[in-house]
Amino acid sequence: MHTRFFVASAAFHPVFFILKEILCGMKRLNEKQDLQGSLESDQPPSTVEGKTRVITLENISKSFDGEMVLDDISLYINDKEFITFLGPSGCGKTTTLRIIGGFETPDSGDVFFDGKKINDLPPHKRQVNTVFQRYALFPHLNVYENIAFGLRIAKVKESEIKDRVSEMLKLVNLCGFEKRDVNLLSGGQQQRVAIARALINKPKVLLLDEPLAALDLKLRKDMQLELKNIQTKTGITFIYVTHDQEEALSMSDTVVVMANGKIQQIGTPTDIYNEPVNAFVADFIGESNILDGVMLEDYKVLFASQIFECLDKGFDKNEQVDVVVRPEDVDVVAPEKGMLTGVVSSVTFKGVHYEIIVDIGGFKWMIQTTDYVGPDETIGLYIEPDAIHIMKKSEFSNMFGDYSSFSEELDHLSDIEEDIEE
């Protein structure tokens, strides 16, 4: 388990910030500031385990209209890292991004950049740029001039502008698009222009507030790979905000899962998926069957009225626990060969597999299998020890994991209001 946190959604309207962001970013090019006198330096360690920390948040809290949206969160972000804040609407992820960018001030706690406290440092003096969900490109300027805009404001020499715009066009695969009207570009192309415009300032950190949300599914998947490639090539720290689990898992070096204004877990995508710390993380990242269980002893757990071998240890004898079994980790077998037996309630074809809901003693399991079984058929389930993950009880226990009311439409209703609530 990773213990990188020492924990963080509100409104983030790019229309009001995009021009200021560009102008402020260019102002940095003309300022040779000595920040030593203006910044406090009671900083945390800047290098840990061979990695350089670029941003550290310590005990950050923030409220809006009396409602706590960030509750004493702490974490650090490494240089050259692709880190994603992941969680549902209202969890605090966008507010965290705004505090890092300088658009919000925490009620309490400290923000450090390269070991220096920057709580009172205005956005234009932070080595940070932002790509918003709505790209807010200048409609009267072509691709080249949109990208070059900030450099012109900073009165950079024309020869350098040409070189740097060409470099950015190559980076985002838009060579030959220099004279294109931005209004005639596809959503993916417009996004690339916005990224190039943000990167041309050479920020140390790039903040990305759900930049793929407006794209269709196929283009969104393509751009996930594109963003990761850009981050790798530039070596810039990317801090990404999303409520899409697939985006977070496919692009990130590190994922920060948030709920109720707190960080629930920090880890690699593999850690987050395979070793969730509580029922919220297990349910939010992919699908999970989450059952009440009793840890009888090391490597032995009771759930669904049966005793199973598992790989977990270190719990108290007879401790009440949450048991997680991923749908893809269950084998469908003949009833007489099953550890558990149930009746199929529904079957949905998903292309590469069938998603079936199975009633076992009144608890509805989700199973993903390539073998077809029909509704009302009795089947057996076989569960290997490494398919079982044990978690301690938490505030989220008994809130998730039973698919009695499962509906993909209901599952994604909150996505519709994401823009408003964030």
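**Note on the predicted model**

1. In β21, V325 has I388 as its bridge partner. The model is a predicted one. The bridge belongs to the pairing of β15 (residues 319-325) with β21, which is antiparallel and runs over five bridges.

2. These two strands sit in an open sheet of five strands, ordered β14-β13-β12-β15-β21, with antiparallel pairing. Its edges are β14 (306-309) and β21 (388-392), each of which pairs on one side only. On average, neighbouring strands of this sheet are turned by 40° against each other, direction ignored.

3. Helix α3 (residues 143-153) is largely enclosed by the rest of the structure, because eight of its 11 residues are buried. The buried residues are V143, Y144, N146, I147, A148, F149, G150 and L151.

4. Both ends of α3 deserve a look. At the start of the helix, a side-chain oxygen of N142 comes to within 3.2 Å of the backbone nitrogen of Y144. After the helix comes K155, with a positive phi near 60°.

5. The count of aromatic pairs is 10. One of them joins F82 and F238, a tilted pair with 5.6 Å centre to centre and 50° between the planes. The pair links distant parts of the chain, as F82 lies in strand β4 (residues 82-86) and F238 in strand β9 (residues 237-242), 156 residues apart. Both F82 and F238 are buried.

6. A further pair is formed by F280 and F400: the ring centres are 6.2 Å apart and the planes stand at 70°, so the arrangement is edge-to-face. This pair also links distant parts of the chain, with F280 in helix α9 (residues 279-284) and F400 in the loop between β21 and α10 (408-411), 120 residues apart.

7. Are F280 and F400 buried or partly exposed? F280 has a relative accessible area of 7% and is therefore buried, whereas F400, with a relative accessible area of 23%, is partly exposed. The cut-off for buried is under 20% relative accessible area. F280 and F400 also belong to a cluster linked by ring pairs, together with F284 and F396.

8. Two arginines are placed over aromatic rings. The charged end of R180 sits over the ring of F177, at 4.4 Å from its centre. R326 lies over the face of Y273, and here the distance to the ring centre is 3.9 Å.

Methods:
Residues numbered from 1 in each chain as written. Predicted model: local features only at pLDDT ≥ 70, side-chain atom pairs only at ≥ 80, totals over all residues. Heavy atoms only, no water. Pairing = 2+ DSSP bridges. Helix = DSSP H or I, 4+ residues; strand = E, 2+ residues; numbered from the N terminus. Axes fitted to C-alpha atoms, helices over the stretch in contact; angles between N-to-C directions. Buried < 20%, exposed > 50% of the residue type's maximum accessible area, 1.4 Å probe, protein only. Polar contact = N/O pair within 3.5 Å; in protein donor to acceptor, adjacent residues only side chain to side chain. Phe/Tyr/Trp six-rings, centres within 6.5 Å; stacked < 30°, edge-to-face > 60°. Lys NZ or Arg CZ within 6 Å of the ring centre and 35° of its normal.
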